[in-house]
Amino acid sequence: MDFISILSIFVMACFVGYYVVWSVTPALHTPLMAVTNAISSVIIVGALVASAATTSAASSWLGLAAVVMASINIFGGFAVTARMLAMYKSKKKG
Amino acid sequence: MEHTVLPAWALLAYLASGVLFILALRGLSSPATSRSGNRYGMIGMAIAVVTTLVTHVPETAGAPDAVAIAKILAAIALGAAIGVTTARRIQMTAMPQLVAAFHSLVGLAAVLVGLAAYLNPGAFGILLPSGAINPDSRIEMGLGIAIGAITFSGSVIAFLKLNGNMSGAAIMLPGRHVINLGTIVAILGLVGYFTQDEALWVIAAITLLSFIIGFLLIIPIGGADMPVVVSMLNSYSGWAAAAMGFTLHNTAMIITGALVGSSGAILSYIMCKAMNRSFISVIAGGFGATPDAGGGAAKEQRPWKRGSAEDAAFLMKEAENVIIIPGYGMAVAQAQHVLREMADLLRKEGVNVKFAIHPVAGRMPGHMNVLLAEANVPYDEVFELEDIQGEFAQADVAFIIGANDVVNPAAKTDKSSPIYGMPVFDVDKAKTIMFIKRSMGGVGYAGVDNDVFYMDQTMMLLADAKKMVEDINKALAH
């Protein structure tokens, strides 16, 4: 993909982000931060690419360290979001 | 472009995970849809991880390298174990610290991925035929590392402040604006120079200076501005992921980075607006460091009325409408559970109880809502500022627990007050105001006296918040 196509995706995604985030109810702003935290750890893709390359030992160790950090975030972030969301109950359900 | 060409299915898979992340955020528009939204997020992440694992199998001499594969899986398992254990054990009141800690990890991971790409550009497909790193990629890499490093060190400071390992007060360095601006200009200059010279010292200097500026930027920001800081760092972690997405030409990373970046930016904007402060003035720091600023400083000796738990219980039992306003003090005292019991006891007496939450109550956006949800308060009894503001005129009791600045009328009337213009609850319209406070000495984070203490209809309940509510509950149960 050339730079302009990538930039186009990025700019469009910023607009999508803008509208989607404004529609998030303020009561869920803490879970929003927790889940954005988890998904920003999609940076694990880069960490995995680095770890899988056997051509540079230093690079693959840096990648592995990044895999550990991103995994903490992914699993921790989704788990804590799920834990918080499970607590939000409406009056009708009791 | 020398990019390793991924099979079409892999490109589509990354796109799908990007779309699933959008749906994850979309789900948060209401608590009812939020849980399925979170599952979309998990599926999206699983797709991105599996796709990468399958398309990037480590190989030695043309055959899959079992040791390298095992190392990667072990790294994921280790992270998963730490992450899940932390998420299970963490107390809900400690959520701001946890989020700051998580942000720091995203930042550091971005730095490491950037450095790994620098050391092994071939693996990232950013090598020119000449053997040099593609200059476009160098800008993306440099910016990604810089933003990641700022996110890391800034979040570490935010964590230490939120966790109480470091004073929450604003720490002011002389000449900091000059130092900060100079450092930022130097970082940008180095990123520009990096396109001309790919020497190791350039990338090392970018990394080091960015760590320093992240530290310097957050140090002077005081406790009450933490919601803005946490949101801002949230935004940075997104931009760091996006920059790495540009390096890797990966749609999942770019879409996610843009989503998270805008999300954090919007939250920062909402928080600043709720304090009537500009983003620049928050970043410039120093709020809460000048206790003598603004009016009302010399009015300490005015008369005020003290009430007991029994008085409070009696008055609330007789009331028709009670509005409870929780603030950070409720979180510190862990009073959310006893507060819910109080609401239940009052409801049994036929009292209509509502909770009112200010956007900047607590130390991160939505902090109070989570704590009340934890205490089993149904979310339809919890109201935002603009939805409940009109109801104070009909309220018999405004019950303030652990909040201060968000009910200070000086924000409406006193132009010299540092919180002037901040939207506040109209508690003065309620027939009776009950204000739980540890003692008459301390004032809110903004360091301004609060006229509410001295109003005719105000009853000061001086005690630890949890202890006071427990005593009220005992009196109510009689």
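# Reading salt bridges, a sheet and a patch

Me: With a relative accessibility of 26%, B:Glu198 counts as partly exposed. What class does B:Arg138 fall into, buried or exposed?

Reply: Keep in mind that we're looking at a predicted model. The cut-off for buried is under 20% relative accessible area. B:Arg138 comes out at 5%, so it counts as buried.

Me: OK. Which residue does B:Glu198 form a salt bridge with?

Reply: With B:Arg138; the closest N and O atoms are 3.3 Å apart. B:Glu198 is in the loop between α6 (176-194) and α7 (200-218) of chain B, while B:Arg138 belongs to helix α5 (residues 135-162) of chain B, so the pair ties together parts 60 residues apart in sequence.

Me: Where do B:Asp225 and B:Arg277 lie?

Reply: Both are in loops of chain B: B:Asp225 between α7 and α8 (226-248), B:Arg277 between α9 and α10 (279-284), so this pair ties together parts that are 52 residues apart in sequence. Their salt bridge has its closest N and O atoms 2.7 Å apart. On accessibility, B:Asp225 is buried at 1%, and B:Arg277 is buried at 14%.

Me: Which helix holds B:Arg347 and B:Asp344?

Reply: Helix α13 of chain B holds both, three residues apart, which is about one turn of the helix. Then check whether a pair belongs to something wider. Here B:Arg340, B:Asp344, B:Arg347 and B:Glu381 are linked in a network of salt bridges.

Me: How many salt bridges are there over all chains?

Reply: The count comes to 13.

Me: Let's do the sheet. What is the order of the strands in chain B?

Reply: You get β5-β4-β3-β6-β7-β8, an open sheet of six strands with parallel pairing. β5 (382-384) and β8 stand at the edges with a single partner strand each, so one side of each is left without a neighbour in the sheet. From one strand to the next, the twist averages 25°. Helix α13 (residues 336-348) of chain B packs on this sheet, touching β3 (321-326), β4 (352-357) and β6, and its direction makes about 150° with that of β4(B).

Me: How many bridges pair β7 with β8 in chain B?

Reply: Five, in the parallel sense, between β7 (residues 432-437) and β8(B). On to β6 (residues 397-401): five bridges join it to β7(B), running parallel, and B:Val397 has B:Thr432 as its bridge partner.

Me: Which way do the residues of β8(B) point?

Reply: B:Thr458, B:Met460 and B:Leu462 point one way and B:Met459 and B:Leu461 the other. Five of the strand's five residues are buried.

Me: Last one. Which residues form the nonpolar patch on the surface?

Reply: A:Phe3, A:Ile4, A:Leu7, A:Val11, A:Phe15, A:Tyr18, A:Tyr19, A:Trp22 and B:Tyr269, with about 920 Å² of accessible area together. With a patch, ask which element supplies the residues. Helix α1 (residues 3-22) of chain A gives the largest share, eight residues; one of its residues is A:Phe3, partly exposed at 37%. B:Tyr269 is found in helix α9 (residues 251-274) of chain B, and is partly exposed at 45%.

Methods: Residues numbered from 1 in each chain as written. Chains lettered and ligands numbered in written order. Predicted model: local features only at pLDDT ≥ 70, side-chain atom pairs only at ≥ 80, totals over all residues. Heavy atoms only, no water. Buried < 20%, exposed > 50% of the residue type's maximum accessible area, 1.4 Å probe, protein only. Helix = DSSP H or I, 4+ residues; strand = E, 2+ residues; numbered from the N terminus. Pairing = 2+ DSSP bridges. Axes fitted to C-alpha atoms, helices over the stretch in contact; angles between N-to-C directions. Contact = heavy atoms within 4.5 Å. Patch = residues over 30% accessible without salt bridge, like charges linked within 9 Å, V, L, I, M, F, W, Y side chains within 5 Å. Areas by Shrake-Rupley, 256 points an atom, 1.4 Å probe, with all protein chains shown as cover. Salt bridge = Lys/Arg side-chain N within 4 Å of Asp/Glu carboxyl O.
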